[in-house]
Amino acid sequence: MVTGGAGFIGSAVCRHLVQVSKQQVLNLDKLTYAAVPGSLCGVEDHPLYRFEQADVCDQEKTASLLEDFQPDAVMHLAAESHVDRSIDGPAAFMQTNIMGTYTVLECARSYWENLPAGRRAAFRFLHVSTDEVYGSLGRTGAFKETSAYNPRSPYSASKAAGDHLVMAWHHTYGLPVIVTNSSNNYGPYQHPEKLIPRMIISALLGKNLPVYGNGKNVRDWIHVDDHAEALVRLLETGTPGETYNIGAGNERTNLEVVETICQMLDELRPLFGGAGSICQSRLELIRFVKDRPGHDFRYALDTSKIASELHWRARKKWNEGLRDTVCWYLEHEPWWRGN
């Protein structure tokens with residue numbers, strides 16, 4: 001069972017489970033504004049795939065779906081995830097990311113405790129989280145799985161709380177859990193409010209490209225398909241009770257990301273100069289704006305644990321992945337205009 005399977009990362013997980021791993025999947029999703037049902041077009045009619053619209057905070061519905069579907073694992077991805085929205089309206093983040101995680105944990109625990117011994121031993125609860133729970137780094141270093149938590153936004157605080165709940169259910173009740181902390185994701189079907197699609201779409205429309213502060217904040221970027229592959233690998237061979245960092249080592253400043261998008265679009269969809277032209281290059285659309293409150297300077301992950309224990313590394317190169325993503329948004333204008 002995948003919670004939040006109509007979201008950006010969740011849909012990639014569902015596609016991988018059905019198309020690559022040939023696993024039977026139940027997708028439980030509330031279908032909030034951030035859901036991307038079109039991202040499931042390749043699996044929605046597949047006999048291995050089933051969808052149920054439900055809220056992870058609905059304990060009765062979640063419990064009944066577990067009993068009916070009888071999964072061997074729960075992959076918990078349902079979450080409110082946009083930092084800016086968490087600053088303006090934190091209540092939804094507390095409800096979904098904390099109480100929703102608690103509800104799914106309790107339902108999974110009750111279900112797991114009543115499984116036959118063999119299935120009980122094989123059951124896994126995988127909780128998908130973020131590198132933002134660790135706080136902010138300086139110009140050097142990387143977060144390890146043992147790094148202290150220091151969340152600095154309502155979003156990251158709510159995800160940190162969920163991580164702690166999951167580990168508490170492991171230590172208190174013995175629920176076989178795995179926690180993952182991922183770097184920033186990008187790729188097809190990402191909601192237009194996120195940095196990369198927002199900049200692609202705005203640049204295409206000739207709108208200004210707002211960059212917080214001086215644009216020097218650093219993020220590590222991982223393609224969503226690489227992330228999905230890592231999650232499924234961890235579900236199959238990860239060690240219960242452990243945390244794993246998932247990243248690709250693609251550290252870029254926000255300004256570098258925006259500049260690269262502009263340069264790719266200038267090449268792929270050239271502007272034509274002249275009296276009516278808004279600019280010669282989309283780089284001219286970049287505008288520096290007041291920094292976001294509590295804006296962490298840098299995130300970076302030490303991924304040596306997943307590399308050594310599971311022999312997993314991200315495969316998609318940054319320039320290749322970003323170019324593919326830019327091309328996808330160019331080719332799917334009806335999709336993003338509908339969001």
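In the predicted model, helix α4 (residues 91–113) and helix α6 (residues 154–173) have axes that come within 8 Å and cross at roughly 15°. Because angles under 35 degrees count as roughly parallel, α4 is roughly parallel to α6. The crossing in which α4 passes α6 is right-handed. On the α4 side, the contact is made by F93, M94, N97, I98, T101, Y102, L105, E106, R109 and W112. The α6 side contributes P154, Y155, S158, K159, A161, G162, L165, V166, W169 and Y173. By residue class, the contact of α4 with α6 comprises 13 nonpolar, 4 polar and 3 charged residues.

One of the α6 residues in this contact is S158. S158 lies in helix α6 and has 0% relative accessibility, so it counts as buried. With residues up to four places away in sequence left out, S158 touches F93, M94, N97 and I98.

Helix α1 (residues 8–20) consists of 13 residues. The distance from its first C-alpha to its last is 18 Å, close to the 18 Å expected at 1.5 Å a residue. Helix α1 is mostly covered, with 10 of its 13 residues buried. The buried residues of α1 are F8, G10, S11, A12, V13, C14, R15, H16, L17 and V18. The elements that cover them include the strands β1 (2–3), β2 (25–29), β3 (49–53), β4 (73–76) and β7 (184–186), together with helix α8. Just after α1, K22 adopts a positive phi of about 55°.

Helix α8 (residues 224–237), which is among the elements covering the buried residues of α1, has 14 residues. At 1.5 Å a residue, α8 should span 20 Å, and its end C-alpha atoms are 20 Å apart, which agrees. Of the 14 residues of α8, 10 are buried, so this helix is largely enclosed by the rest of the structure. The buried set in α8 is made up of V224, D226, H227, A228, E229, A230, L231, V232, L234 and L235.

Definitions and conventions
Residues are numbered from 1 along each chain as its sequence is written. This is a predicted model: local features need pLDDT of at least 70, side-chain atom pairs count only at pLDDT 80 or more; totals for chains, interfaces and linings use all residues. Side-chain values use heavy atoms; hydrogens and water are left out. Axes are lines fitted to C-alpha atoms, for helices over the stretch in contact, and angles run from 0 to 180 degrees between N-to-C directions. Helices (H or I, at least four residues) and strands (E, at least two) are DSSP runs, numbered from the N terminus. Angles under 35 degrees count as roughly parallel, over 145 as roughly antiparallel, 65 to 115 as roughly perpendicular and the rest as oblique. A crossing is left-handed if the near helix is turned anticlockwise from the far one by less than a right angle, and right-handed if clockwise. Contact means heavy atoms within 4.5 Å. Ala, Val, Leu, Ile, Met, Phe, Trp, Tyr, Cys and Pro count as nonpolar, Asp, Glu, Lys and Arg as charged, and the others, Gly among them, as polar. The expected span of a helix is 1.5 Å times one less than its number of residues. Buried means under 20% relative accessible area, exposed over 50%, partly exposed in between (1.4 Å probe, protein chains only).
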